[in-house]
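Hello,

Here is the structure I promised to hand over. Please have it open while you read the notes.

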Amino acid sequence: MPVMKNVGLWIGLVLLMFAGTIFWQSLSLNYYSDVGPGPGLFPLWLSGILGLLAVAYMVDSIRSAGVTFEDVLPLGRGGKRLVALLGAVVLFVLLAPYAGFTLAGIIMLWLVLAAEYRWYRALAIATVVSVATFLLFKAFLGVPLPVNRFGW
């Protein structure tokens, strides 16, 4: 199997880059503090262990038969739904700072649910879920969420 089509190799590479980023960031934190281990101890060690495991996974993936992208990614209708889901999430990220969390959430969920439900039912579900999520995080948990000029 060509190395470029080996999914395990690519996943290991992404994990290695993530571990390297966390390792690099943890170097800016104190390893020790006055009372014992500092805030940099656990991120440094855990990211180092993750990096070693990622390298081991990449080596194992190259040695074994591996899994190809064709085996993992859905085809046909499933592939189209995956692309639509990713597009809806990207649209949410782009819209949320301007339209607010609630409106961006309604649009994103409606786009995802419209493939399975009638448009009005998908819109109702998207509205209830987005408003409930906004109320849960904003009002009850006090988590700041992006809002539009109307406050939602």
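Below are the notes on aromatic pairs and on one helix.

This is a predicted model: local features need pLDDT of at least 70, side-chain atom pairs count only at pLDDT 80 or more, and totals for chains, interfaces and linings use all residues. Numbering runs from 1 along each chain as its sequence is written, and side-chain values use heavy atoms, without hydrogens and water.

Aromatics. The whole structure holds three aromatic pairs (Phe, Tyr or Trp rings, the six-membered one for Trp, with centres within 6.5 Å; planes under 30 degrees apart are stacked, over 60 edge-to-face, the rest tilted). One of them joins Tyr31 and Tyr32, with ring centres 5.0 Å apart and planes at 90°, so it is edge-to-face. Phe92 and Phe101 also pair edge-to-face, with centres 5.7 Å apart and planes at 85°.

Burial is relative accessible area (buried under 20%, exposed over 50%, partly exposed in between; 1.4 Å probe, protein chains only). Tyr31 is partly exposed at 30%. Tyr32 is exposed at 60%. Phe92 and Phe101 are both buried.

Helix α2. This helix covers residues 41-63 (helices are DSSP runs of H or I, at least four residues; strands are runs of E, at least two; both are numbered from the N terminus). Its 23 residues reach 33 Å from first C-alpha to last, close to the 33 Å expected (1.5 Å times one less than the number of residues). Its buried residues include Leu41, Leu44, Gly51 and Met58. Among the elements covering them are α1 (7-26) and β2 (36-37).

Ser61 is buried at 6%. Leaving out residues up to four places away in sequence, Ser61 touches Asn6, Gly8, Leu9 and Gly66 (contact means heavy atoms within 4.5 Å).

Best wishes
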